[in-house]
Each structure stands twice: as C-alpha cells, then as structure tokens.
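I opened my notebook to get to know a new structure. Here is what I looked up, in the order I went.

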Amino acid sequence: SSSSSSTMSDDEMEAARLRAQRQQDPRLRFDAQLDIIRSRYEEDKSDVFRALALADALRQRDLTFHDGGSVQGEAIDTYKAALELIRAKRERQIEAGEATDIPLSGTNAAGLNSELFLDVTAR
C-alpha cells in the first residue's frame, strides 16, 4: 500500500501520542516544567537563585507525587550546592572586609539568620 504525504509516519504518531499523554498526566506536565528549571540551573550553576529554584521545584515534586522520593536525592544535593554558594560568597565578603550583615533589601540585619538567608523578594 502506498502512503500519501498527509499520512503520519510511525515516529510522528508516537510523538503525537506522547504529547497527548503528557497533556493528560499531571506528573509529566510537572516534569516538563522541572526540566526547564533544571536546564536553567545547568546553564549557570553559580547562580544561587537558580539553584534554590531547582531545589524547591524538586522538593515540591517529591511532596506532590508520592513515588518513593525519586528526586529527593537531587533536591538535597541541589540545596547543598546552593548553601555552598552562599557560604563561599560570605567567605569572600569576610576576606574582603565587607559587611555580611546587610540583606539585599538594604536594611540592617537582625542577627545571623539575616546574614545566612536570602531575601528572595528583593531579586
């Protein structure tokens, strides 16, 4: 049997089936968004905000879909990487004699917690 140019190939039909499945399965939709966040982090692993965004998204996936913690290890590792970025920045500030108690909002800090936690809303 001959096929016309309007007939879908097996690969095209499989791709269409996967797209339809992804639209129906909330886990696949979430994972597609997670892949975008992950790729942004991979582009610049020195950006603490990207690291935290990925770690938070991984944690949210773990809380939303109870599949045995499939991304739990990656979430923990990404949080550790973010903390290391923050620690390294603080060490550089100390070595340079810069104040470490001034949050991004520009107000005076109220102790060590203000030094260690990021003001994400100021970004």
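The entries below go from the whole chain down to single residues.

**Entry 1: the whole chain.** I noted before anything else that this is a predicted model. I then looked up the elements and found 5 helices and 0 strands in the protein chain. Read from the N terminus, the order is α-α-α-α-α. I also checked burial: of the 123 residues in the protein chain, 16% are buried. The chain exposes about 9,000 Å², and carbon and sulfur atoms supply 50% of that area. For contacts between residues at least 6 apart in sequence, I found that 43% join residues at least 24 apart.

**Entry 2: the core.** Which residues make up the largest nonpolar core? I listed 12 residues: Leu34, Tyr41, Val48, Phe49, Ala51, Leu54, Ala57, Leu58, Val71, Ala75, Ala82 and Ile86. At least two residues of this core come from each of helix 2 (26-43), helix 3 (48-64) and helix 4 (72-95). Helix 3 gives the most, with 6 residues.

**Entry 3: helix 2.** I looked at its length next. Helix 2 has 18 residues, and from its first C-alpha to its last it reaches 26 Å, close to the 26 Å expected at 1.5 Å a residue. At the start of helix 2, I found a side-chain oxygen of Asp25 within 2.9 Å of the backbone nitrogen of Arg27.

**Entry 4: helix 3.** I made the same kind of check here. The 17 residues of helix 3 should span 24 Å at 1.5 Å a residue, and its end C-alpha atoms are 24 Å apart, which agrees. The N-terminal end of helix 3 is capped by Asp47, with a side-chain oxygen 2.9 Å from the backbone nitrogen of Phe49. I then wrote down the buried residues of helix 3: Val48, Phe49, Ala51, Leu54, Ala55, Ala57, Leu58, Arg61 and Asp62. What do these buried residues of helix 3 pack against? They pack against helix 2 and helix 4.

**Entry 5: Arg61.** I stopped at this residue, which sits in helix 3. Is Arg61 buried or exposed? Its relative accessibility is 4%, and buried means under 20%, so Arg61 counts as buried. Its side chain makes a polar contact with the side chain of Asp31, at 2.6 Å. Leaving aside neighbours within four places in sequence, I found Arg61 in contact with Arg27, Phe30, Asp31, Leu34, Asp67, Ser70 and Val71.

**Entry 6: the aromatic rings.** How many aromatic pairs are there? I counted 1 aromatic pair. The ring centres of Phe30 and Phe65 are 5.7 Å apart and the planes stand at 80°, and over 60 degrees counts as edge-to-face, so this pair is edge-to-face. The two residues are 35 residues apart in the chain, with Phe30 in helix 2 and Phe65 in the loop between helix 3 and helix 4.

Definitions and conventions:
Residues are numbered from 1 along each chain as its sequence is written. This is a predicted model: local features need pLDDT of at least 70, side-chain atom pairs count only at pLDDT 80 or more; totals for chains, interfaces and linings use all residues. Side-chain values use heavy atoms; hydrogens and water are left out. A nonpolar core is a set of buried Ala, Val, Leu, Ile, Met, Phe, Trp, Tyr and Cys residues joined through side-chain atoms within 4.5 Å. Buried means under 20% relative accessible area, exposed over 50%, partly exposed in between (1.4 Å probe, protein chains only). Helices (H or I, at least four residues) and strands (E, at least two) are DSSP runs, numbered from the N terminus. Rings of Phe, Tyr and Trp (its six-membered ring) pair if their centres lie within 6.5 Å; planes under 30 degrees apart count as stacked, over 60 as edge-to-face and the rest as tilted. The expected span of a helix is 1.5 Å times one less than its number of residues. A polar contact is a pair of N or O atoms within 3.5 Å; within protein, one must be able to donate a hydrogen and the other to accept it, and residues adjacent in sequence count only if both atoms are side-chain atoms. Contact means heavy atoms within 4.5 Å. Accessible areas come from the Shrake-Rupley method with a 1.4 Å probe; for residues, only the protein chains shown count as cover.
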